[in-house]
Amino acid sequence: MAEVISRNIGPVILLGPPGAGKGTQAKRIAERYGIPQVSTGDILRENVQRGTELGVQARSIMARGDLVPDYLVCDMVALRLRNADCQRGFILDGFPRTAAQAGWLDAFLENEFFDNSHRGKCLPIVIRMDVDYNQLLLRLTGRRSCPTCGRIYNVHFQPPRVANTCDVDGSQLVTRNDDREDVIRERLTAYELQTRPVVEYYEQKGRLVPVNADLPVDEVSEQVFREIESHSTAAAGRS
Ligand code: AP5
């Protein structure tokens, strides 16, 4: 375990439709490997809550289930990835989401992340999380989260011990604004139209690793850890 923790993991990209379990798995990867979760959705929601300029621009777009413009999201990601805590690796949860974002990320990594021999040399591992459509609807309508610690629950699949109360800190759980059925359908459509090309982009580059994310959370994690470890071992062997 210590050996796994100290290794350069490099960028881990989690691709998948809304409700695929990206946030759930990102938290587990972050805990296991000691690298940060960079969730564009979480950063945007935090900006909306704080009423920043970015939050004001993003608020109504997110409420409709549309995507926030690329230039806003890319600037936000660049700022976060330049933090020292990303040097051994990081998990991108919800980014890239358009072909333009994927092209931008490749250029950013080439110019800024791989420019220094002290930094992680692993190419990104791109994990595609595959889930059945009806299961996605159940996961999204049943999702509740803790506003204090961020822990994610599901009334159908991972209920808290006491109804509507966080197991960790006792906070009242909340439902996300965009987890209403009409908005969920918009988000799923945005995924098909705008994010499907990103899947194809990485597929053509031979970098895509599919994972069966229909399984229970622990079984999905096992697959994800296995793939990350074999990717970073192969990269270590090449350096
Ligand atoms: P974002 O926050 O990224 O939302 P999303 O992609 O729609 O994904 P979700 O967070 O809904 O789902 P998830 O895959 O993380 O699933 P989770 O682990 O929570 O984006 C929100 C909005 O921000 C976008 O609509 C857009 O407007 C904007 N935005 C964000 N990034 C952007 C970008 N790059 N460009 C432009 N705009 C951007 O799990 C879901 C539920 O299922 C939970 O209840 C969980 O407990 C449960 N669950 C998870 N895994 C399992 C399992 N294996 N079995 C059973 N239940 C499970």
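**Aromatic pairs.** I began with the rings of this predicted model, and my count came to 4 aromatic pairs. The one I looked up in detail joins tyrosine 33 and phenylalanine 225, which sit edge-to-face with 5.9 Å from centre to centre and 85° between the planes. I noted that this pair links distant parts of the chain, since tyrosine 33 belongs to helix H2 and phenylalanine 225 to helix H9, 192 residues apart. When I checked their accessibility, both tyrosine 33 and phenylalanine 225 turned out to be buried.

**Two tyrosines.** I then turned to tyrosine 201 and tyrosine 202, an aromatic pair that is edge-to-face, at 5.1 Å centre to centre and with 85° between the planes.

**A cluster.** I also found that ring pairs link Phe95, Trp104 and Phe108 into a cluster.

**The second largest pocket.** Next I looked up the second largest pocket, for which I wrote down a volume of about 350 Å³. Its lining is made of 13 residues, and those nearest the centre are Thr24, Arg28, Arg151, Ile152 and Val217. Helix H2 gives the largest share, 4 residues. Sorting the lining of the second largest pocket by residue type, I recorded 6 charged, 5 nonpolar and 2 polar residues.

Notes:
Residues numbered from 1 in each chain as written. Predicted model: local features only at pLDDT ≥ 70, side-chain atom pairs only at ≥ 80, totals over all residues. Heavy atoms only, no water. 1 Å grid on protein atoms, 1.4 Å probe; cavity = no way out; pocket = protein on both sides within 12 Å on 5 of 7 lines; lining within 4 Å. Points joined across faces, edges and corners; volume = space filled by probe spheres on them. Helix = DSSP H or I, 4+ residues; strand = E, 2+ residues; numbered from the N terminus. Nonpolar A, V, L, I, M, F, W, Y, C, P; charged D, E, K, R; others polar. Phe/Tyr/Trp six-rings, centres within 6.5 Å; stacked < 30°, edge-to-face > 60°. Buried < 20%, exposed > 50% of the residue type's maximum accessible area, 1.4 Å probe, protein only.
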